[in-house]
Amino acid sequence: MSIDEDWQRGWNGIAADLAQLLDANTASQPLSVADVEAAAGAHAALVALLARVHRDVAGTYNHDAAPSLRLADEHPVAALGSLLQRHPLLAGAALTDSLLDATTPPGQHWASMGRHVALAEHAWTTTHPSTLPRGDAAWAVVADVAAMTQVLATLDRDLAGHLQRQGRSADAEQLRRAAGSGLRVVAAEVQSVATSGPLPAQRWTPALLTVTPVASTEDLARGQARLADLLRSAPVLTPQDVRTVALQQLRLVLTAAESTAEPRLRAELMRLAVTLDPATTRRPRVRSVDEPDPWASAPVRQAQVLHWFVSAKSDPSPALATTVASTATVVVDALSSAAARNLAQGRWLVPNPDSDQPSAPLWVPSPRGTEVQLLTSLRRAQQQAAVAASVAGTVPAGAEPQPTPQATSPAPPAARTVLAPALLARLQRGADPAEGGRRPAVPRDPRPAPPREAPPRVTPPDRGQRRGR
Amino acid sequence: MLNSPRVLPPQLPGVLHALRGYLEPSADPAATIPALRARAHITDAVIRLENLGGTGDEDTARGPATAPAPAPARGVQTGNEDGVTELLTYAVEQLSEAVAAAVHAADILELAQARRSVQEALVLSAAPR
């Protein structure tokens, strides 16, 4: 599973479920007790997630301020956070119960949304704090939060009706009151503000910290893929981390070589072990500007999990050698890229070649074209890993399932784009007579504003200034 | 890297030096699996010992990059004693594995000597102060 799949599946899934719920016009459909329980549980989980994401991205500025017209006017993003923090959290069914018990299509949409919220929440909370979206990427997330909040606030009235019918009058009353809090209007304003400036074409990718457990040879391929992902997205990676991961990879390769009777594969794996050796045994003349970060040791932990699996197996599977040979290439590529990236970004320093004190050099960013031994060794290992992978591909089948390369599918549309037509259609259907016949205001055009001569580009702490005024 | 302050047992820099010397030159292209495995164990021990810091070998560019912390005549002063004990214990284990995997008698002797030095460091680090 790709590293950002957890987040994308969860976040996009919420948008799709919300759109389905809007389309289904759930107010007029009878829901069972279990359905209402599922809806209440999913509603509470979504409110908590939106408040959490908003707080992490927008900071805590003014979150404690009581919502007011003035706050909404001057700092709509802060007002949205304040309203989300105060939105009712209903007592509902536990996720596992709601998934089993929901009976009607709307109930199942709510249950599905609960599952997607759990996925997204897990991904968000296991993301390294330093990699949370910033700048324009933060605005894109704020726009999504605002779009989801508008739909949530629209569904509040439907849910209040269902709660009332189930005898949960207090909860229904709470939701009705919240529906009049101005949440939807503020969310629409925030969406308008957020989309008034440039939004990144590329979607934000979380850097997850979780490692994949490895209990079988099939898991090993997934563990290797996860290790490569973790290396690519690690916000902090020291030369020592790279060296440790290379060492565990070398041990994996040795065990794989030992386990196979296929002479060509064994020979190529041995060559790979020998080419990896200098990257592990030689102390790199490279230093990191970062302190080792316990959060970022996920690649090291994943590498150790892989090592423990193979070292604990007294009778390795015949598939081990081909699995390792065909997956080591992605790991060594990721190691090499990580080293090159850190050197290019100046996060790793090399001794100043002009230093007159070689024993106590000044440490400087690596000048372009400088040969760094660690990187040179890893590049050699990269070439050999590719050879080993190609030999693994020619080994007669029957030994193992080859790990399938991850297909690259086009990115699904952003949550705000998915929700815009459904929200518009719902609001154009007219007002619910139960609301007193008021026709809700049609939201602003959710499409991004046309580019201006000088689009406001602000950093997250100033996002309250991102106003189309 | 462990928290400061940290002062290494006095023999550790010598052990590290000897182990690094053992790892030079690079692996023989015709090396056997046991020989490469022994090198991997030694490398693992070296990385752990380097993680103790204070030898001027830290990977982090911040702080006093040039001056090793002065080693006292005896013992270890550290902000994280459990961490030191854990790292030294692990290094001893790795060197034991390396001894077991080593092919040549001379290597076995050299590695056994290094292991004994690390064991002594372990005893010193655990001694009451």
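Let me begin with Trp11(A), which is buried, at a relative accessible area of 3%, where buried means under 20% relative accessible area, exposed over 50% and partly exposed in between, with a 1.4 Å probe and protein chains only. This is a predicted model, in which local features need pLDDT of at least 70 and side-chain atom pairs count only at pLDDT 80 or more, whereas totals for chains, interfaces and linings use all residues. Residues are numbered from 1 along each chain as its sequence is written, chains are lettered from A and ligands numbered from 1 in the order in which they are written, and side-chain values use heavy atoms, with hydrogens and water left out.

To stay with the tryptophans, Trp7(A) and Trp11(A) both lie in helix H1 (residues 5–24) of chain A, four residues apart, about one turn of the helix; helices (H or I, at least four residues) and strands (E, at least two) are DSSP runs, numbered from the N terminus. Their rings form a stacked pair, 4.7 Å centre to centre with 20° between the planes. Here rings of Phe, Tyr and Trp (its six-membered ring) pair if their centres lie within 6.5 Å, and planes under 30 degrees apart count as stacked, over 60 as edge-to-face and the rest as tilted. Trp7(A) is buried too, with a relative accessible area of 2%, and Trp7(A) also forms a tilted pair with Trp124(A), at 5.2 Å centre to centre and 40° between the planes. That pair links distant parts of the chain, since Trp124(A) sits in helix H6 (residues 105–125) of chain A, 117 residues apart from Trp7(A). Trp7(A), Trp11(A) and Trp124(A) form one aromatic cluster.

Turning to the cores, a nonpolar core is a set of buried Ala, Val, Leu, Ile, Met, Phe, Trp, Tyr and Cys residues joined through side-chain atoms within 4.5 Å. The largest has 67 residues, and those with the most contacts inside it are Trp11(A), Ile14(A), Leu18(A), Leu80(A) and Met148(A). Helix H7 of chain A gives the largest share of this core, 17 residues. Apart from this core lies another, of 62 residues, including Val300(A) and Val332(A).

Which residues does Thr149(A) contact, leaving aside its neighbours within four places in sequence? They are Leu50(A), Leu80(A), Leu84(A), Leu183(A) and Ala187(A), with contact meaning heavy atoms within 4.5 Å. Thr149(A) is found in helix H7 of chain A and counts as buried at 0% relative accessibility.

In helix H8 (residues 169–179) of chain A, the buried residues are Asp171(A), Ala172(A), Leu175(A), Ala178(A) and Ala179(A). They lie on the same side of H8(A) because they cover an arc of only 125° around the axis, an arc taken over the directions from the helix axis to the C-beta atoms. On the other side of H8(A), Ala170(A) and Arg177(A) are exposed.

There is also an open sheet of three strands, in the order E1-E2-E3 (chain A), with antiparallel pairing; two strands pair if DSSP finds at least two bridges between them. Strand E1 (287–288) and strand E3 (363–365) of chain A are the edge strands, each pairing on one side only.

Finally, a word on confidence: chain A averages a pLDDT of 79, and 79% of the residues score at least 70, pLDDT being the predictor's confidence in each residue, from 0 to 100. Over residues 431–465 of chain A the pLDDT is below 50, and this stretch has 51 contacts in the model beyond near neighbours in sequence.
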